[in-house]
Amino acid sequence: MDLSHEGIRATQDQIIQDIRMSKEEIIDVIDGYESNIRDAVKAAEQYSVPVLLITVASNWEWRGRSDLPDGWLTELTDRNDLANDELYAEAIATLDEMLNSVPDEEKHEVLFKRATAQKMMGNYGAAQSDFRAAMNVDPHLRRALDSANLRLSDIAEANGIAVLDMVEALAARNRHNIVGFEQFYDYVHFTPKGAVWAAAAIFEALHTQGILTTKPQYDPENYVFDRVEELEQLEIDFLDVYQWLGIGFNLNRIHNRDLWKYDKMLLEIEEVVDKEPENFRALVYLGNALFFESDREEDAIRVYRTGLEIEDNEEVRNNLDLLLSGRIRRE
């Protein structure tokens with residue numbers, strides 16, 4: 001399960017944690033990205049397709065597969081008799097000196113530690129700057145760099161195309177203007193709240209640019225407020241297939257950084273169904289998973305019907321009706 005796709009002989013953990021790239025290799029990646037965007041813009045122009053370019057946001061607070069180790073502060077200060085703010089201030093001073101001496105390929109770790117200390121002291125502007133700088137000099141190339149987003153913005157400006165800065169849109173949703181774990185559960189995958197905020201930003205940009213002309217039947221910002229409040233009060237996953245989060249019975253899975261958490265959740269659900277064939281919610285979750293799999297409509301229909309024999313539920317009936325009517329193929 002932990003092996004990468006396309007025959008790459010390395011695990012996801014190795015790729016994310018261990019593989020480093022030179023500056024030249026990273027520039028090549030960004031050059032390729034820019035070329036792809038230019039080709040997409042040309043193709044859209046050829047067929048008169050309206051375009052909205054969007055910068056790619058990623059998690060500034062994400063260090064890798066693990067957080068900073070316990071004791072990292074005392075290693076920097078060599079003391080444990082200081083109050084928190086004094087400890088952080090002394091650590092920052094040490095990190096300031098280290099930045100002038102460590103090799104370029106190690107600067108991301110020093111910047112990340114300084115950002116963390118600045119955040120703990122409440123210096124959010126400095127923390128934001130350091131988190132973002134750490135991301136941009138990280139040789140692992142694990143997240144979307146500002147330099148790539150700048151290339152996209154340049155293409156938009158040169159071609160008179162609208163651009164949505166998703167980085168700034170998500171930063172604005174955080175009271176400290178930091179794009180972090182509130183929006184992403186790992187380096188680039190949205191939390192449910194992050195997905196709502198991103199969708200709202202895209203929706204508003206499409207309307208502002210006149211690309212989407214249908215007048216919304218609701219106020220987008222009110223929708224965001226209500227949806228985020230609903231998510232914050234959530235105690236268990238939804239039954240409605242279009243609201244289902246894919247986390248099953250464990251809400252803590254939302255913030256689990258395991259790249260394979262959905263697959264593991266599905267195995268857990270299948271085990272529950274095997275052991276408790278009358279478990280209504282487990283059956284619905286299994287049906288929801290099958291709903292989104294290619295050529296598994298009949299299996300999803302069967303599972304939903306089994307669940308409805310145990311408990312009549314309007315949301316599940318709606319899920320079933322979508323499959324039976326064939327509307328899922330058009331939506």
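**Exercise 1. Is S48 buried or exposed, and where does S48 sit?**

Solution. Start with the accessibility: S48 comes out at 66% relative accessible area, so this serine counts as exposed. The cut-offs are under 20% for buried, over 50% for exposed and partly exposed in between, with a 1.4 Å probe and protein chains only. Next, the place: S48 lies in the loop between α2 (23-46) and β1 (52-54). Helices here are DSSP runs of H or I with at least four residues, strands are runs of E with at least two, and both are numbered from the N terminus. Last, the backbone: phi of S48 is near 55°, a positive value in a residue other than glycine.

A word on the ground rules. This is a predicted model, where local features need pLDDT of at least 70 and side-chain atom pairs count only at pLDDT 80 or more, while totals for chains, interfaces and linings use all residues. Residues are numbered from 1 along each chain as its sequence is written, and side-chain values use heavy atoms, leaving out hydrogens and water.

**Exercise 2. Which residues touch the most other members of the largest nonpolar core?**

Solution. First, the term: a nonpolar core is a set of buried Ala, Val, Leu, Ile, Met, Phe, Trp, Tyr and Cys residues joined through side-chain atoms within 4.5 Å. The largest one has 43 residues, and W60, F131, M166, L170 and V179 touch the most other members. Then ask who supplies this core: the elements that each give at least two residues include α5 (107-121), α6 (124-137), β2 (162-164) and α9 (192-208). Now zoom in on W60. Leaving aside residues up to four places away in sequence, W60 touches F112, Q128, F131, R132, M135, R143, V167, N177, I178 and V179, where contact means heavy atoms within 4.5 Å.

**Exercise 3. How many aromatic pairs does a search of the whole structure find, and how are the rings of F112 and F131 arranged?**

Solution. The search finds eight pairs. Rings of Phe, Tyr and Trp (its six-membered ring) pair if their centres lie within 6.5 Å; planes under 30 degrees apart count as stacked, over 60 as edge-to-face and the rest as tilted. For F112 and F131, the centres are 5.4 Å apart and the planes at 65°, so the pair is edge-to-face. F112 is in helix α5 and F131 in helix α6, so the pair ties together parts that are 19 residues apart in sequence. Both F112 and F131 are buried.

**Exercise 4. Describe the pair formed by W244 and Y262.**

Solution. Geometry goes first: this pair is edge-to-face too, with 6.2 Å centre to centre and 70° between the planes. Then the location: W244 lies in the loop between α10 and α11 (261-275) and Y262 in helix α11, so the pair ties together parts that are 18 residues apart in sequence. Now check the cover: W244 has a relative accessible area of 10% and is buried, whereas Y262, at 33%, counts as partly exposed. Finally, widen the view: W244, F249, Y262 and Y285 form one aromatic cluster.
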